[in-house]
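The exercises below concern helix packing, salt bridges and one backbone angle.

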Amino acid sequence: MTHDLVAALSPLLTAEASAEAYASGSEPGDLEQAVWLRLLERLETDGPPLDPQGWLRKAVRAEARRTRRTTRLERPYGSEPADEVRPGPEQHALTTARYRALRDAVRRLPGRCPRLLEALLSPKDLTYREVAGELGISQGSLGPERSRCLGCLRRLLTPEVASREGRG
């Protein structure tokens, strides 16, 4: 019985929801789902409606009115409500993933580059003198070495970054 009712009402509901959706500011699929839910609730309490097509038309219009009222009461935020001072969990996850990708790329660099860049990326915020002392190289060669290592890192990361971007 329920399956037959759903099959019989489905095309009418699709048409009615499509006709009412724009004026109510909602999606036709949302209206359809709400009306199907109302029908299931009705079948559970009162049984099938005597005039299913008439009931369906009234239910779609009632649901569209409810959606319009809700839309009128809802106001968008003037600005993003998120706390910009403290990033949310999504931002933490993205930042962590970026740092992890950077650290993985640094480990794949040739020669002294991994040690040099790890020292420069250290949370200790070492000076050039301290980095040079830690690596056992002269402070004067640290700048050119850093430039060479950053160039290698840039070449290593360019294909990875480019492959993640969507192509138009």
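**Exercise 1.** In this predicted model, determine which residues of H5 and H6 meet, and describe how the two helices pack.

*Solution.* Begin with the residues: on the H5 side the contact involves Arg-115, Leu-116, Ala-119 and Leu-120, and these meet Tyr-128, Val-131, Glu-134 and Leu-135 of H6. Sorted by class, the contact of H5 with H6 holds six nonpolar and two charged residues, with no polar residue. Next comes the geometry, with H5 spanning residues 113-120 and H6 spanning residues 128-135: their axes lie 10 Å apart and the packing angle is about 145°.

**Exercise 2.** Locate Asp-125 in the chain, describe its phi angle, and decide whether Asp-125 is buried or exposed.

*Solution.* Asp-125 sits in the loop that runs between H5 and H6. The phi angle of Asp-125 is near 55°, which is a positive value in a residue other than glycine. For the accessibility step, the cut-off for an exposed residue is over 50% relative accessible area; Asp-125 has 65% relative accessibility and therefore counts as exposed.

**Exercise 3.** Describe how H1 and H2 cross, and classify the residues in their contact.

*Solution.* The axes of H1 and H2 (residues 28-45) come within 8 Å of each other and cross at roughly 140°. The handedness of the crossing of H1 and H2 is right-handed. Among the residues that make the contact are Leu-5, Leu-9, Leu-13 and Glu-20 of H1, together with Leu-31, Glu-32, Trp-36 and Leu-39 of H2. By class, the contact of H1 with H2 comprises 12 nonpolar, five polar and two charged residues.

**Exercise 4.** Find which salt bridges Glu-16 forms with Arg-57 and with Arg-61, and explain which parts of the chain they tie together.

*Solution.* A search of the whole structure returns nine salt bridges. In one of them Arg-57 pairs with Glu-16, where the closest N and O atoms are 3.6 Å apart. Arg-57 belongs to helix H3 (residues 52-73) and Glu-16 to helix H1 (residues 2-24), so this pair ties together parts that are 41 residues apart in sequence. Glu-16 also forms a salt bridge with Arg-61, with the closest N and O atoms 3.1 Å apart. Since Glu-16 lies in H1 and Arg-61 in H3, this pair ties together parts that are 45 residues apart in sequence. The accessibilities can then be assigned: Glu-16 is buried, with a relative accessible area of 13%, whereas Arg-57 is partly exposed at 35% and Arg-61 is partly exposed at 33%.

**Exercise 5.** Identify the helices joined by the salt bridge of Glu-118 with Arg-103, then name the residues that shared partners join into one network.

*Solution.* The closest N and O atoms of Glu-118 and Arg-103 are 2.8 Å apart in their salt bridge. Glu-118 lies in H5 and Arg-103 in helix H4 (residues 89-107), so the pair ties together parts that are 15 residues apart in sequence. Glu-118 is partly exposed, with a relative accessible area of 28%, and Arg-103 likewise counts as partly exposed at 25% relative accessibility. As for the network, salt bridges that share partners join Glu-16, Glu-20, Arg-57 and Arg-61.

How values were computed: Residues numbered from 1 in each chain as written. Predicted model: local features only at pLDDT ≥ 70, side-chain atom pairs only at ≥ 80, totals over all residues. Heavy atoms only, no water. Axes fitted to C-alpha atoms, helices over the stretch in contact; angles between N-to-C directions. Helix = DSSP H or I, 4+ residues; strand = E, 2+ residues; numbered from the N terminus. Contact = heavy atoms within 4.5 Å. Nonpolar A, V, L, I, M, F, W, Y, C, P; charged D, E, K, R; others polar. Salt bridge = Lys/Arg side-chain N within 4 Å of Asp/Glu carboxyl O. Buried < 20%, exposed > 50% of the residue type's maximum accessible area, 1.4 Å probe, protein only. Left-handed = near helix turned anticlockwise from the far one by under 90°.
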